[in-house]
Amino acid sequence: KGNNTMRSIELINSASQTIASGGKIALGNVNIKNCHGAFSYNGTDTITLVQSGIYQVIIKSNVVSTVADQTVGYAIAYNGTVSTIANTGAVITDVGGVSTLTLSKQVKICGNNPISLTLVNSGTASTTYQNVIVDIFRMD
């Protein structure tokens, strides 16, 4: 089926953003776009994978605590439902402490069943996110 692995899209948001617990994280600007027709992006916070296949989703971000002993993190929401297994997190003890979190998850689309992906703050309080990078690779 052609190339082994192809980056379909890379989104980068270098702006600092403070997001309430459960709120959507802005994904930023399209940096790389290949494999036309495999996805759509609403320009702010939602990527929709529209073509059958297996995709590797890799997300990396600096996460800054806004309160002491804060549980910080993010999770992928599939079609609006926050996943309990596609998430990452850490506890930061100091206000303003920084942790770099990475999440990698495979997503499989069968037939004509698009999946919309959003990134949400899964932490316990408002959290500041910096340098959010989302890479999606088509694996087949």
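Leaving out neighbours within four places in sequence, Gln17 is in contact with Ile25, Ala26, Thr127, Thr128, Tyr129 and Val132, where contact means heavy atoms within 4.5 Å. This is a predicted model, in which local features need pLDDT of at least 70 and side-chain atom pairs count only at pLDDT 80 or more, while totals for chains, interfaces and linings use all residues. Residues are numbered from 1 along each chain as its sequence is written, and side-chain values use heavy atoms, with hydrogens and water left out.

**Gln17**
- Gln17 lies in strand E2, residues 17–19, strands being DSSP runs of at least two residues, numbered from the N terminus.
- Gln17 counts as buried because its relative accessibility is 10%, and buried means under 20% relative accessible area with a 1.4 Å probe and protein chains only.

**The open sheet**
- Five strands form an open sheet in the order E4-E5-E10-E7-E8, with antiparallel pairing; two strands pair if DSSP finds at least two bridges between them.
- The edge strands, each pairing on one side only, are E4 (39–41) and E8 (81–92).
- E4 and strand E5 (residues 46–49) run antiparallel and are joined by three bridges, and Ser40 has Thr48 in E5 as its bridge partner.

**The nonpolar core**
- The largest nonpolar core has 30 residues, of which Ile47, Leu49, Ile59, Tyr74, Val134 and Ile136 touch the most other members; such a core is a set of buried Ala, Val, Leu, Ile, Met, Phe, Trp, Tyr and Cys residues joined through side-chain atoms within 4.5 Å.
- Beyond its neighbours within four places in sequence, Ile59 has contacts that include Tyr74, Ile76, Leu101 and Val134.

Note on methods: Helices (H or I, at least four residues) and strands (E, at least two) are DSSP runs, numbered from the N terminus. Buried means under 20% relative accessible area, exposed over 50%, partly exposed in between (1.4 Å probe, protein chains only).
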